[in-house]
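Subject: Handover of a structure and findings

Dear colleague,

Please find the structure below, handed over for your records.

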Amino acid sequence: MCGILGCVGRPEPEANLREGLRRLIHRGPDAEGLMRSEHPRGEAWMGFRRLAIQDPTPRGNQPMTDPSGRWRIVFNGEIYNFRELRSELQQKGHSFQTGTDTEVLLAAWAEWGTESLQRLIGMFAFAILDLTSGDLVLARDRLGIKPLYIHDDGSRLTFASEIKAILALDGVERRVDPASLGRFLTFLWTPSPGTLLEGIRQLDPGSWLRLHGNGRVEHGRFWDLDLEGLLTGGRKRDDPAELEALLTEAVRARLISDVPLGAFLSGGVDSSLIVALMAQLQTDPVATHTIVFPSADDAWRIEEDDAPWARKVQEHFGDRLDAHTHEIDAGQADLLPKLTWHLDDPVADTAAIATYQICKAAKSHSTVMLAGMGAEELFAGYPRHRAALLAERYRLIPGFLRSGILEPLVDRLPAGKAGPLLAFSRRAKKFTASAGLPFEERYLGFSGYYDPDGLEALYPDPAAHFAWGRHADWLGQSQGLDPVTRMTHLDLKTFLPSLNLAYTDRASMAASVEVRVPILDHRVVEHVFALPARAKLRGSTSKVALKTVAERYLPRDVVHRPKAGFQAPVRAWVGRDMKERIGDLLSPDRVRARGWLDPKEVTRLLEAQWSGRDDNALRIWTLVTLEVWARTFLDGDGSAEVSW
């Protein structure tokens, strides 16, 4: 796994490119490369930071140029079928000097051009420059596992793995995009292709961009979820054996590595099944890594602790695992400035901190980690999926009973105090706030923390009314399909790439660890997306098809344990550890000086949390994250993390 940076257009001082690469050193601590070439529009730079995984010798360094001298590449990712592609290309006359997938990708591009993208199995973001025509092509993998940011001001196009590298170049202004700010406040992250910085965007997953030598820009898509096929009845048969074979092959492909490899183990069905398949496919014990939070935070949890379930899995497999449990010390919230710098675009999900902590702890044992990410979005595994269907029954209750009795009772529940009622109160309030709405508004309400009208009290900007933005567009595209498919389609297009994959990439790269996600092999995704809805969510049972496979490998109580999120104890931080600091960061004077939010509404959120009346912990954490981000990238130049 690596970091890339480059630009085409007006001249740029080499020192700025070097500074941009310095900001990516965590993505690739093993080597640096930077090449300049003449270009019809001025000049072209391609830069690279390397984390050596395949063929870690200097032969694999980048930028890499093909033997003809025509094509040059910088590539971040892993192509898992590169050996098969190399054999096919050798038959066509290509020769290879390294053991890297980069060289194979470069030859595949020389042979097939954009058609090569269909042949790739893996995760990738890359740039290929045609040194003859001056054409630059950028491409990103199907699900958006690897990031690729773009800034184009008309005279120069810049691309990079992280925003902070782009900010090192001349002429890149740092202004907040008002619509993206509204979406960040609504969802706690910014939906693609936008970012919080105006003028910097993401390349959509499954797409490519070609900047022609004459300056013309062309876009293309090489993969997408097949909504049209489902609308015309193209469902797959729910065959557990077929799903098991696809998952097994996906894991097998991701065991290719020239450095130590391990896996996350939370004790949930997703990570446990990945570990089980690894144990079946490799002869050495599987190195597993589990994170444990301080017991003092237990009263603030709204979900079950993972540690006992991880121990069950460890006991089940015995010496087939090399199990490591990492206890996290108190004071994790102090990592927020560091993670804010690494994340670039703010993410107010404390799972980013937890991911960084476990990757940092695992680094001494495993440079590459397999994770069960993607199962929730693909198999309808989040509580909001069940809640959206349960709400259909709730809507059968006469409206006067809902609005006159049930909802006022729920509203009076104390949802911000530690204790046994915390989880119930929070979920009940979240449910009744949106359950009575039509399907689209209901699911968006369950997915976010404000509706557009509610957001306006906090963010009195016209952009607040566009907060649901692309989410509503995606739901519009899936009209006519069943609710489960519509929800998973939306999540695969928004929640997965813009939140979960985004923080996983940045947090793991902050620790110089590569994370691989077998469940998001595109062949698995295509198969599961086309399964009947009942194979994903049936009554109160989610991930039905996945659990059917998992029962062959895991104890039944592990397979059917309650869903638990991978989060740090944000409620303990907001309600106890950071109370004084938050009061300072979000004081009325500071909020007023920043100029985005209503100070009175911010104060109301804080007081409701600290009195125990409401659970505003994630909303408050979002505001804290936003302020730390602003200090880093607006007040500062983005070159380094800020201190508290």
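S8 pairs with strand S10 (residues 200–202) in the antiparallel sense, over 3 bridges. Here, strands pair if DSSP finds at least two bridges between them; helices (H or I, at least four residues) and strands (E, at least two) are DSSP runs, numbered from the N terminus.

The model is predicted, so that local features need pLDDT of at least 70 and side-chain atom pairs count only at pLDDT 80 or more, while totals for chains, interfaces and linings use all residues. Residues are numbered from 1 along each chain as its sequence is written, and side-chain values use heavy atoms, with hydrogens and water left out.

Strand pairing around S8

Strand S8 (residues 149–152) is also joined to strand S9 (residues 156–160), by 4 bridges, and these two strands run antiparallel. His151 stands opposite Thr158 in S9 and opposite Ile200 in S10. The hairpin of S8 and S9 has 3 residues between its strands, and Gly154 there takes a positive phi near 95 degrees.

Strand S11 (residues 207–211) and S12 are paired in the antiparallel sense through 5 bridges, and Leu209 has His219 in S12 as its bridge partner.

Nonpolar cores

A nonpolar core is a set of buried Ala, Val, Leu, Ile, Met, Phe, Trp, Tyr and Cys residues joined through side-chain atoms within 4.5 Å. Buried means under 20% relative accessible area, exposed over 50%, and partly exposed in between (1.4 Å probe, protein chains only). The largest core has 195 residues, of which Phe126, Leu185, Leu597 and Trp621 touch the most other members. Helix H28 (residues 617–635) gives the most to this core, with 11 residues. Leaving aside neighbours within four places in sequence, Trp621 is in contact with Ala333, Leu336, Ala348, Thr350, Ile353, Val570, Trp573, Val574 and Met578. A second, separate core of 19 residues includes Leu138, Leu148, Ile150 and Leu211.

Buried positions

Glu12, in the loop between strand S1 (2–9) and helix H1 (14–22), is buried at a relative accessible area of 4%. The side chain of Glu12 makes a polar contact with the side chain of Arg156, at 2.3 Å. A polar contact is a pair of N or O atoms within 3.5 Å; within protein, one must be able to donate a hydrogen and the other to accept it, and residues adjacent in sequence count only if both atoms are side-chain atoms. Not counting residues up to four places away in sequence, Glu12 touches several residues, including Cys7, Glu43, Trp45 and Asp170.

Helix H19 (residues 483–493) has 10 of its 11 residues buried, so it is largely enclosed by the rest of the structure. Among the buried residues of H19 are Arg486, His489, Asp491 and Lys493. Asp482 caps the N-terminal end of H19, where a side-chain oxygen lies 3.1 Å from the backbone nitrogen of Val484.

Backbone geometry

Two cis peptide bonds may be of interest to you. One joins Gln62 and Pro63, with omega about 0 degrees, and Pro63 is in the loop between strand S3 (42–50) and strand S4 (64–65). Another joins Ser192 and Pro193, with omega about 10 degrees; Pro193 lies in the loop between helix H5 (178–187) and S10.

Asp344 has a phi of about 70 degrees, is placed in the loop between helix H10 (336–343) and helix H11 (351–362), and counts as buried at 2% relative accessibility. Phi of Ala380 is near 60 degrees; Ala380 is in the loop between helix H12 (375–379) and helix H13 (383–394) and is buried at 0% relative accessibility.

With kind regards

Conventions:
Contact means heavy atoms within 4.5 Å.
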